[in-house]
Amino acid sequence: MDDPAQLSEYGKILSLAIVGLILVCGTIFMAKLISPKKPNPIKQSTYECGEEARGTSWVQFNPRFYVVALVFLLFDVELIFIFPWATVFGNAEFIAWDGRWGWFTMIEMAIFIGILIVGLVYVWKNGDLNWIKPKTEIPRVDVPIPASAYDSINQKTYSIRSYQQITSEQTEPVKAEKPALAKPGFTPRFKKAKD
């Protein structure tokens, strides 16, 4: 790099970033300038995969999405490390230089994948990959009443009596009347603050 007119590697990256920024800003500006502006209620409505949007967008988000995303990222990063490993260490020149090189890289990658598989098995056994975690618990309350007393009550059959006799007068439709407003059950009394 004796010639000062040449760009360094960082200069090339900077010039590429500047050209990219100019292209993106230019296309956004041209779209703003050329695009037709005819708003209507359909264009300004919220689009949710063809369904009508209802309610507010502030909804509770299930935290299990984060667990699935983290497991995905874990194995995505694994692929990022496996591709360069396969291209660099699968080179025939390295293997021809020393035959042990291929075995070393194979064992190294087996250890790496083994650690990731152990992590996946741990997450799987913990139940973090299950979307719905069933928790069946029988409620227990410490009371002095024996369980046999509850069993005898539950086993007993009870007869149901009718407490109202339906007459022909009650079968006719009755006009609905406005319910009377209930009076408050107490009268509030406020004490004056003493100065």
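## A charged pair in helix α1

Lys 12 and Glu 9 both belong to helix α1, which covers residues 9-34, and they sit three residues apart, about one turn of the helix. In this predicted model, the two side chains form a salt bridge in which the closest N and O atoms are 3.5 Å apart.

A search of the whole structure finds one salt bridge.

## A buried glutamate without a partner

Glu 78 is located in helix α2, which runs over residues 64-89. Side chains of opposite charge can pair when their charged atoms come close. Glu 78, however, is buried and has no salt bridge, and the nearest side chain of opposite charge, that of Lys 125, is 19 Å away.

What does Glu 78 contact, once its neighbours within four places in sequence are left aside? The residues in contact with Glu 78 on that basis are Phe 112, Ile 113 and Leu 116.

## Overall fold

The secondary structure of the chain consists of six helices and zero strands, so that, read along the sequence, the pattern is α-α-α-α-α-α by the DSSP assignment. Among contacts in the chain with a separation of 6 or more, 57% are between residues 24 or more positions apart.

Buried residues make up 5% of the 195 residues in the chain. The accessible surface of the chain comes to about 20,100 Å², and carbon and sulfur atoms account for 65% of that surface.

## Annotated transmembrane regions

An unreviewed UniProt entry places the feature "transmembrane region" at residues 13-34, 65-89 and 101-124. In the model, the span of residues 13-34 is 100% helix and 0% strand, with its end C-alpha atoms 31 Å apart. The span of residues 101-124 is likewise 100% helix and 0% strand, and the end C-alpha atoms of residues 101-124 lie 35 Å apart.

Thr 105 lies in helix α4, which comprises residues 100-126. Is Thr 105 buried or exposed? With a relative accessible area of 4%, Thr 105 is buried, because the cut-off for that class is under 20%. Apart from its neighbours within four places in sequence, Thr 105 is in contact with Trp 85 and Phe 89.

Phe 61, Phe 65, Tyr 66, Val 68, Trp 131 and Ile 132 together make a nonpolar surface patch of about 670 Å². One of these patch residues, Tyr 66, lies in helix α2. Tyr 66 counts as exposed because its relative accessibility is 52%, where the class requires a value over 50%.

How values were computed
Residues numbered from 1 in each chain as written. Predicted model: local features only at pLDDT ≥ 70, side-chain atom pairs only at ≥ 80, totals over all residues. Heavy atoms only, no water. Helix = DSSP H or I, 4+ residues; strand = E, 2+ residues; numbered from the N terminus. Buried < 20%, exposed > 50% of the residue type's maximum accessible area, 1.4 Å probe, protein only. Lys, Arg positive; Asp, Glu negative; His and termini not counted. Salt bridge = Lys/Arg side-chain N within 4 Å of Asp/Glu carboxyl O. Contact = heavy atoms within 4.5 Å. UniProt positions renumbered as here; feature names shortened; annotations may be inferred. Areas by Shrake-Rupley, 256 points an atom, 1.4 Å probe, with all protein chains shown as cover. Patch = residues over 30% accessible without salt bridge, like charges linked within 9 Å, V, L, I, M, F, W, Y side chains within 5 Å.
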